[in-house]
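The sequence and structure come first.

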Amino acid sequence: MAPATILVIDDEPSILNLIQSYLQAENFEVLTARDGREGLTAAKTHQPDLVILDIMLPGMDGIQVLQELRRDSDVYVIMLTAKTEETDRVIGLSVGADDYVTKPFSPRELVARVKAALRRIQGTRSTPRPEIWSFRDLTIDISGRQVRLDDQPVDLTSTEFDILQALVEHRGMVLSREQLTEKVWGNDFYGELRVVDVHIGHIRQKIGEEFIATVRGVGYRFQAEDQ
């Protein structure tokens, strides 16, 4: 199997070189870019398996890069954000980032996140499931990883789809944030549990509020009967 390709977009040479050296030590193919435009060109040309994207870029910032990237790609994106800028993290997740790492960060932790994400991505690709679920006007095609609402396609990111799938597979049950992170990100999830809340909010914006209920103090439940 060919090594996975990781695109790192960051304008700080020291950080770019640090991430590159750690990823190459794990036998990943690493592409680098030092600004948003260069990063978008590399993403479209090389179709990487995962993108590490700094939010603070000159000219075109990471949020703008992510918005442009999401127009035609569902590649897994890990954003690098300043530890104090919670607003940036929330905005990044809301426009399609899958995960984030705060600066300063441990390179080993970042590599662990990359490996966990790639295992999950490769797992969904290698074990397609044929189920198609219908709930009123919502249809979820597991093997095709597609969602339709009122017969119109719904554009979910890879992580949003995985969260929705986990909830549907356990419909009627309440899943805690911890359970969702374990099912979606794996046992080696290092991030904050609030990432689940942001993704849930984004899913609700796309499919409607009525399908996912919040059970205060516990977690989330998918609430719809099969057709």
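Two strands count as paired if DSSP finds at least two bridges between them. The model is predicted.

**Strand pairing around S12**

- Strand S11, residues 212-215, pairs with S12 in the antiparallel sense over four bridges.
- S11 and S12 form a hairpin, with three residues between them.
- In the turn of this hairpin, glycine 217 has a positive phi of about 80°.
- Strand S10 (residues 175-176) also pairs with S12 (residues 219-222) in the antiparallel sense, over two bridges.
- Glycine 219 in S12 stands opposite valine 215, and serine 176 also stands opposite glycine 219.

**Aspartate 10**

- Aspartate 10 lies in the loop between strand S1 (5-9) and helix H1 (13-25).
- Aspartate 10 counts as buried because its relative accessibility is 0%, and the cut-off for buried is under 20%.
- Not counting residues up to four places away in sequence, aspartate 10 touches several residues, including Ala33, Arg34, Asp54 and Lys103.

**Lysine 103**

- Lysine 103 is found in strand S5, residues 99-103.
- With a relative accessible area of 16%, lysine 103 is buried.
- The side chain of lysine 103 makes a polar contact of 3.4 Å with the side chain of aspartate 10.
- A polar contact of 3.5 Å joins the side chain of lysine 103 to that of glutamate 12.

Methods. Residues are numbered from 1 along each chain as its sequence is written. This is a predicted model: local features need pLDDT of at least 70, side-chain atom pairs count only at pLDDT 80 or more; totals for chains, interfaces and linings use all residues. Side-chain values use heavy atoms; hydrogens and water are left out. Buried means under 20% relative accessible area, exposed over 50%, partly exposed in between (1.4 Å probe, protein chains only). Contact means heavy atoms within 4.5 Å. A polar contact is a pair of N or O atoms within 3.5 Å; within protein, one must be able to donate a hydrogen and the other to accept it, and residues adjacent in sequence count only if both atoms are side-chain atoms.
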